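Visitor: I would like to learn how to read the packing and the charged pairs of a protein model, one feature at a time. Could we go through it together?

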Amino acid sequence: MHGLYIATFVESDDGGFLGTDAEEKAPVYSELNAFEAKQSFAKEVYANLVTDEDVKRYLDRSRYYCESKRRWNLPQAESGVELKESDLYKPLWRIFNEIIKHFYNENGKEIIRAVVLTHNEQMDHTDDGVLHLYSQPDFTVTGTGPAFKNPEKNLTQGSYDCVAGVMDARVEGGTTTEKDLRQLAVYARYVFSHQPHRHFVRMLTVTEKHVRLYHFDRSGVQYSPPIDFHEDPWTFVRLVLGVSSVNEKTLGFDTSVYWGKDQEGKLIQCIGVPTGEGKQQKVEIYQLIPGQEPFTRDTIRGRGTTGWYVQKGDQQFLIKDSWRSADREPEYAFLEAAKGVDGIGQMVSYVEGGHTREHRGSEVDSYPNFRDRVFSRIVLELYGRSLDMFETVDQVLEAVRDAIAGHCALLLKGVLHRDVSLRNILLGLIETLGKRGLLIDLDLATFVGKGGVNALADFRTVGVSLCNLFSLPFLTRGMGSTPPEHDHLDDLESFVYVLAYLFWTFEKAGVVTSSPPEWLTKWGHVDPEEAYIAKKCVMFERRLHGKYMHRISDYWGAPCRILLCQLHQIVFDVASKKSGIANDAADGTEVPDYTHLRYNKDGTHKYYNELIRLLDDVIKGVRAETLANPRKGC
C-alpha cells in the first residue's frame with residue numbers, strides 16, 4: 001500500500017461509548033473550539049426545506065402532536081416519579097419516523113431514509129478494516145444513495161458507513177452542554193472517518209422539552225440554544241428533516257465523491273474533478289484503486305486531510321482534499337511554483353471549494369471564536385511509500401539525500417517547506433539521481449520573505465507525533481525568547497531528526513524496536529516546551545557519546561553511526577549560534593542578524609552542499625560495507 005500521510009491522533013458508558021481508553025472523549029472535546037450560536041442558526045439552516053403550510057398539514061395529521069395542547073406525545077417528569085432517558089426512546093423514535101415517512105417516504109417511492117434505535121446496538125469504528133472502538137448513539141438515521149457505502153441498501157441496522165444523521169435523547173437537567181459535546185464529538189469523529197467526503201455533520205439532542213442542533217465541521221463545532229419544540233414544532237420538524245435529508249448536499253456530503261458500479265457490476269467509488277474554465281470546463285472522473293482505503297486525519301477541527309488513491313486509465317494518482325485556514329496561502333500556489341522540481345511531489349490539477357462559514361448561518365461573522373477554513377482538492381502524481389517503509393539502508397539515505405536536494409531547489413523557487421517530517425518524505429519509484437526520494441505536503445509552506453502565518457500557531461493542526469520533529473529554535477517560539485523566523489536551517493535540522501528517529505527506532509527494515517530510547521519518545525510531546533527540552537538534552541550535548549551510539553542497531557552499520565555524529569555536530573553548532581544571537585538581542589537594543597549563518601559568501605544557502613556531500617559519502621560507505629559483507633544487504 002502506498003503510504004503518504006500519518007493520521008495524527010490527539011484524541012465508557014454515557015451514551016454507550018466503549019473503547020480501549022476511558023479518557024478518549026477528553027482530547028476529542030479539547031480540539032473543538034465550541035461555542036453557542038444565536039437562536040437564528042437552528043431556525044434558518046433548514047428554513048427552505050418545507051413550507052410552514054406543509055408542516056401545518058403534517059401536524060394536523062400527526063398521531064403524536066396535539067395542536068390544542070401544543071404538545072408532543074412524550075412522557076414528562078412527574079412528582080415523585082423520575083423520568084429516565086430510556087423512557088424517551090420509543091416515543092421519540094415513533095415521532096422521528098412519522099416525520100420522515102410523511103415527507104420523504106411517499107407511496108410508490110423507494111425508501112432511502114429510516115431512523116433506527118441504536119442505543120443497544122454496537123456501531124463499530126474501524127481503522128484499515130480492524131475494529132478500533134464502537135459507540136452507541138441513541139438514534140441513527142440510516143441512508144442509501146450515491147454518497148453511502150451501503151450496497152445492500154440496509155436501513156435497519158446502524159453503521160457509520162451509512163449514517164445520514166445522529167440524534168441522542170436526554171432528560172432535562174440530567175446533562176451538561178460540555179458532557180453532550182464530548183459524546184457527540186465521538187460520533188462526529190467516526191462519521192468523518194468513515195465518510196471522508198463529508199464537509200459537515202449535524203446532530204440533535206432531544207429532551208422531553210427541548211431540541212438542540214450541533215454543527216461539526218473543520219472549523220470546530222457550534223450549537224444552538226435549546227429550543228422548546230412543543231411551542232415551536234415547525235423548527236423541530238425541519239431539524240429532523242434536515243439531519244435525515246434525502247438531499248446529500250444538505251447532509252454535508254461532497255457529492256462529487258460517489259459510489260457506483262463498474263461494467264462487471266462491482267461496487268466502485270469515483271471522484272469528479274473539474275478542470276478548465278468556462279466553455280472549456282469538463283469534469284475528469286477518477287476511480288478509487290480497489291483495496292486502497294483513503295487516508296484520513298483522525299481529528300475534527302483542522303486541515304481534515306484526506307488522501308484518495310485513484311486511477312484514470314492506466315495511470316495512478318493521489319487526490320488530496322484538505323481545509324486550510326482562510327488566511328493561509330493555498331498549497332496549490334506552492335505546488336505551482338514547484339512544477340518541474342526534482343525531489344518535490346508534482347501537482348496535476350487543483351480546484352478550490354467552499355468555506356466552512358457558508359454552512360453556519362447568516363450571523364457567522366458575529367462569533368469572535370469562529371475561524372473560517374477553505375476546501376481545496378489537488379490531484380498529485382502518485383509516488384512510492386513513506387520513508388519508514390524502506391527496504392534497505394541505502395534506500396533511506398538516497399531518499400533523504402534527494403529530498404534535501406529537492407528542498408534546496410524549491411527554496412531557489414522562493415518556497416520554504418516548513419514541515420519536514422518522516423511521513424512527508426516518500427520513496428521514489430525510480431533509481432535516477434534526484435528522484436529516489438521526494439518531499440510532499442506543502443500545506444505549511446511559505447513564500448520566502450513573505451512572512452505570514454507562524455506554523456507553530458497551527459501546531460495542533462500539524463499534529464504532533466514522533467514523525468513531526470520540529471527544530472530546536474522553532475520550538476522555542478512563544479516561550480519568552482526572541483528566536484529567528486523559521487528558515488531553511490530549521491528544515492535541515494528536521495531532516496536530521498528524521499534520520500535519527502530511523503536509526504534509533506528500527507532494528508532493521510520492517511522491524512521497530514520494542515523499547516525506543518526514552519529521550520526519543522519525548523521528542524514528539526504534544527507540549528512544544530516538553531519536546532524542546534527533550535531535544536535539547538540530546539542535541540546540546542557536545543558530542544554523541546556511547547549511550548546514543550549503542551542504541552543504533554548493527555543493521556545500520558558504522559557509516560550511519562558516523563553520519564549521525566557529523567549531523568549532530570552541525571545541528572549543535574547552528575542551534576548554539578542561533579540561540580546566542582537571539583539572546584544577545586533579547587534586551588531589544590539591537591536587531592538579531594542571522595545572515596552569516598544562513599548564507600555563504602557567494603549568497604548561496606548554507607549547509608545544503610555539506611549535507612548532500614556527507615550523504616553521498618555515507619552511501620558509498622554503506623555500499624562498500626555491503627560488498628564486504630553481502631549477507632547483511634544494504
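Visitor: Is Arg-324 buried or exposed, judged by its relative accessible area?

Guide: Keep in mind that this is a predicted model. Arg-324 has a relative accessible area of 12%, and because buried means under 20%, Arg-324 counts as buried.

Visitor: Which residue forms a salt bridge with Arg-324?

Guide: The partner is Glu-352, and the closest N and O atoms of the pair are 2.9 Å apart. Glu-352, at 35% relative accessibility, counts as partly exposed.

Visitor: How many salt bridges does the structure hold?

Guide: The structure holds 41 salt bridges. One of them joins Asp-441 to Arg-303, with 3.7 Å between the closest N and O atoms, and this pair links distant parts of the chain, since its two loops place the residues 138 residues apart. Asp-441 and Arg-303 are both buried. Elsewhere, salt bridges link Asp-394, Glu-398, Arg-401, Asp-402, Arg-436, Asp-616 and Arg-623 in a network.

Visitor: How should I read the packing of two helices, and at what angle do the axes of α11 and α15 cross?

Guide: Two packed helices are described by the angle between their axes and by the distance between those axes. Here the axes of α11 and helix α15 (residues 557–584) come within 10 Å and cross at roughly 145°, and the crossing is left-handed. By class, the contact of these helices has 13 nonpolar, no polar and three charged residues. Lys-578 forms a salt bridge with Asp-490, the closest N and O atoms being 3.2 Å apart; Lys-578 lies in helix α15 and Asp-490 in helix α11, so the pair ties together parts that are 88 residues apart in sequence. Both Lys-578 and Asp-490 are buried.

Visitor: Why is helix α6 described as largely enclosed by the rest of the structure?

Guide: Ten of the eleven residues of helix α6 (residues 233–243) are buried, so the helix is largely enclosed by the rest of the structure. The buried residues of α6 include Phe-236, Arg-238 and Gly-242.

How values were computed
Residues numbered from 1 in each chain as written. Predicted model: local features only at pLDDT ≥ 70, side-chain atom pairs only at ≥ 80, totals over all residues. Heavy atoms only, no water. Buried < 20%, exposed > 50% of the residue type's maximum accessible area, 1.4 Å probe, protein only. Helix = DSSP H or I, 4+ residues; strand = E, 2+ residues; numbered from the N terminus. Axes fitted to C-alpha atoms, helices over the stretch in contact; angles between N-to-C directions. Left-handed = near helix turned anticlockwise from the far one by under 90°. Nonpolar A, V, L, I, M, F, W, Y, C, P; charged D, E, K, R; others polar. Salt bridge = Lys/Arg side-chain N within 4 Å of Asp/Glu carboxyl O.
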